[in-house]
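Mentor: Have a look at the model before we talk.

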Amino acid sequence: MPRLPLMTAAAALLQVLPGLEGAAMAEMVAVPLPSPYSYDDASVRPIVLSGRRDRYLEFVGHTVIEWPSIPARLNQGNPGTVRCERNRCWRDGYVAPSLTGGTPAGSTRSFFTYHLDCQDRTFDRLGDVRIPRSVPKGWQPVTNDPTALAVANRFCPGHAGWH
């Protein structure tokens, strides 16, 4: 059986399947992804910390926390020294090689309760203890988290959204 050129085969297929030549081509539609950083407006409220009510806010926010991988580390150990005395030998100072495990890269998307210090422009994400040790926790600058930064810019004194 002779082989048909590709264009001839396509034309033959269109003749066999009537109606396909007028079929509409699927249109590519760009669907924007929602931001993974958000906060609940209704949850933003002043709180008392360190005896101060005019400085701190609490709110519920959603964020993404990413961390890099930490490669495993090989400790070479120490072969020690072989010592011999009267037909008896032993190894002195030997330390076996060991491997210190690393951590894989990762991320988590979750809701957290935040405490925000408007004066220092720092925040504490409550409940982020599940995140690996290599990720900063506790009070840190609002620039480390887009959710904390957005709330600080909108609700802290000196900014348009302060109530």
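Mentor: Start with a term. A disulfide is a pair of cysteine sulfur atoms within 2.5 Å. Keep in mind that the model is predicted.

Trainee: How many disulfides does the structure hold?

Mentor: The structure holds 2.

Trainee: What makes Cys 84 and Cys 89 a disulfide?

Mentor: Their sulfur atoms are 1.9 Å apart. The cut-off is 2.5 Å, so the pair counts.

Trainee: Why is the disulfide of Cys 84 and Cys 89 called right-handed?

Mentor: Look at the torsion about the S-S bond. That torsion is about 110°, so this disulfide is right-handed.

Trainee: Is Cys 84 buried or exposed?

Mentor: Cys 84 has a relative accessible area of 52%. Exposed means over 50%, so Cys 84 is exposed.

Trainee: What makes Cys 118 and Cys 156 a disulfide?

Mentor: The S to S distance is 2.1 Å. That value is within 2.5 Å, so Cys 118 and Cys 156 form a disulfide. The torsion about their S-S bond is -75°, and the link is left-handed.

Trainee: How do you know that the pair links distant parts of the chain?

Mentor: Cys 118 and Cys 156 are 38 residues apart. Cys 118 is in the loop between strand E8 (106-117) and E9, and Cys 156 is in the segment after helix H2 (146-155). Both Cys 118 and Cys 156 are buried.

Trainee: What is the pairing of the bonded cysteines in sequence order?

Mentor: The pairing is 1-2, 3-4.

Trainee: On to the rings. How many aromatic pairs does the structure hold?

Mentor: There are 5 aromatic pairs. One of them is Tyr 56 with Trp 139.

Trainee: Why is the pair of Tyr 56 and Trp 139 called edge-to-face?

Mentor: The centres lie 6.2 Å apart, and the planes make an angle of 65°. Tyr 56 sits in strand E3 (residues 52-67). Trp 139 sits in the loop between strand E9 (122-126) and strand E10 (140-141), 83 residues apart from Tyr 56.

Trainee: What makes Tyr 56 count as buried?

Mentor: Its relative accessibility is 8%. Buried means under 20%, so Tyr 56 qualifies. Trp 139 has 42%, which lies between 20% and 50%, so Trp 139 counts as partly exposed.

Trainee: Why is the pair of Tyr 114 and Phe 123 called tilted?

Mentor: The planes are 40° apart, and the centres 5.8 Å. Tyr 114 and Phe 123 are both buried. Ring pairs also link these two with Tyr 39, Phe 59 and Phe 155 into a cluster.

Trainee: Where does Arg 125 lie?

Mentor: Arg 125 lies over the face of Phe 112, at 5.8 Å from the ring centre.

Trainee: What makes Asp 145 count as buried?

Mentor: Asp 145 has 1% relative accessibility. The limit is under 20%, so Asp 145 counts as buried. Its place is in the loop between E10 and H2. Beyond its neighbours within four places in sequence, Asp 145 is in contact with Thr 63, Tyr 114, Phe 123 and Arg 125.

Trainee: In what sense do E3 and E8 pair?

Mentor: E3 and E8 pair in the antiparallel sense, over 12 bridges. Tyr 56 stands opposite Asp 117 in E8. E8 and E9 are antiparallel too, over 5 bridges. E8 and E9 form a hairpin with 4 residues between them.

Trainee: What is the phi of Arg 86?

Mentor: Arg 86 has a positive phi of about 50°, although it is not a glycine. Most residues other than glycine have a negative phi. Asn 87 has a positive phi as well, about 65°. The place of Arg 86 is in the loop between strand E5 (81-85) and strand E6 (88-92). Asn 87 is in the loop between E5 and E6.

Trainee: How do you know that Arg 86 is exposed?

Mentor: Its relative accessible area is 78%. Exposed means over 50%, so Arg 86 is exposed. Asn 87 has 87%, so Asn 87 is exposed.

Key:
Residues numbered from 1 in each chain as written. Predicted model: local features only at pLDDT ≥ 70, side-chain atom pairs only at ≥ 80, totals over all residues. Heavy atoms only, no water. Phe/Tyr/Trp six-rings, centres within 6.5 Å; stacked < 30°, edge-to-face > 60°. Helix = DSSP H or I, 4+ residues; strand = E, 2+ residues; numbered from the N terminus. Buried < 20%, exposed > 50% of the residue type's maximum accessible area, 1.4 Å probe, protein only. Lys NZ or Arg CZ within 6 Å of the ring centre and 35° of its normal. Pairing = 2+ DSSP bridges. Contact = heavy atoms within 4.5 Å.
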